[in-house]
Amino acid sequence: MKTLTRLSLLTTICAGFFVAHAQVGVGVEIGAPPVCPYGYYEVPPYNCAPDGYYGPEWFSGGIFIGAGPWFHGPEHFYGHVDHHYDYRKGYHGSFPARGSAPAASRAEFHGQAMHDPHGHEAPHGHH
């Protein structure tokens, strides 16, 4: 009787192991970058950044070259940003809507920091 009990317990444990050993897959799809007149913040939820957040090196021919997971520019790119327009640093002004056109004349840029496309500050002394 003890042998039968042990055998049934071993069978239950083995069956539980095989059932619990199921494969789990997780997929993440980023999709296309948002269409924003002055670019988008480099961190989720990738809201449209206001005019003046990014410096001129973030644009090529008037088109935003990217930030966040969609960036396909130079490997060690750093560009100027103006923290006054960063919602994470207290900005409470207006944001452009996705798909809206830029204003006829753009504001003069007054950035004081450099970021890589993923929002990391440039190393000290990087210009």
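Modeller: Contact means that heavy atoms lie within 4.5 Å, and in this protein chain residues 24 or more positions apart account for 66% of the contacts with a separation of 6 or more. This is a predicted model, in which local features need pLDDT of at least 70 and side-chain atom pairs count only at pLDDT 80 or more, while totals for chains, interfaces and linings use all residues. Residues are numbered from 1 along each chain as its sequence is written, and side-chain values use heavy atoms, with hydrogens and water left out.

Biologist: How should I read the confidence, and where in the protein chain is it lowest and where highest?

Modeller: pLDDT is the predictor's confidence in each residue, from 0 to 100; the mean for the protein chain is 81, with 75% of its residues reaching 70 or more. The lowest confidence falls in helix H1 (residues 2–20), at a mean of 55, and the highest in strand E3 (residues 79–81), at 93. Over residues 17–22 pLDDT stays under 50, and for this stretch the model has zero contacts beyond four places in sequence.

Biologist: Turning to accessibility, is Asp86 buried or exposed?

Modeller: Buried means under 20% relative accessible area, exposed over 50%, and partly exposed in between (1.4 Å probe, protein chains only); buried residues make up 32% of the 127 residues in the protein chain. Asp86, found in the loop between E3 and strand E4 (113–115), is buried, with a relative accessible area of 1%. Not counting residues up to four places away in sequence, Asp86 touches Tyr41, Tyr53 and Tyr91. Tyr41 and Tyr91 are also among the contacts of Pro50, which touches Tyr38, Tyr85, Ser94, Phe95 and Pro96 as well, its neighbours within four places in sequence again left aside. Pro50 lies in the loop between H1 and E1 and counts as buried at 5% relative accessibility, and its C-alpha is 10.0 Å from that of Tyr91, although the two are 41 residues apart in sequence.

Biologist: Which cysteines form a disulfide?

Modeller: A disulfide is a pair of cysteine sulfur atoms within 2.5 Å, and by this rule the count comes to one. Cys36 and Cys48 form the disulfide, with their sulfur atoms 2.0 Å apart, and the torsion about the S-S bond is about -70 degrees, so the disulfide is left-handed. Both Cys36 and Cys48 lie in the loop between H1 and E1, so the pair ties together parts that are 12 residues apart in sequence. Cys36 is buried, as is Cys48.

Biologist: What does Val35 touch, not counting residues up to four places away in sequence?

Modeller: Val35 touches Cys48, Arg98 and Gly99. Val35 is found in the loop between H1 and strand E1 (59–60) and counts as exposed at 59% relative accessibility, while its C-alpha lies 5.1 Å from that of Gly99, a residue 64 positions away in sequence.

Biologist: Which backbone features stand out around Pro45 and Tyr46?

Modeller: Most residues other than glycine have a negative phi, and most peptide bonds are trans. Here the peptide bond from Pro44 to Pro45 is cis, with omega near 5 degrees, and Tyr46 has a positive phi of about 55 degrees although it is not a glycine.

Biologist: Where is Gly68 placed, and with which residues is Gly68 in contact, leaving aside its neighbours within four places in sequence?

Modeller: Gly68 sits in the loop between strand E2 (63–64) and E3 and is buried, with a relative accessible area of 2%. Gly68 is in contact with Glu42, Tyr46, Pro117 and His118; the C-alpha atoms of Gly68 and Tyr46, which are 22 residues apart along the chain, are separated by 8.0 Å.

Notes: Helix = DSSP H or I, 4+ residues; strand = E, 2+ residues; numbered from the N terminus.
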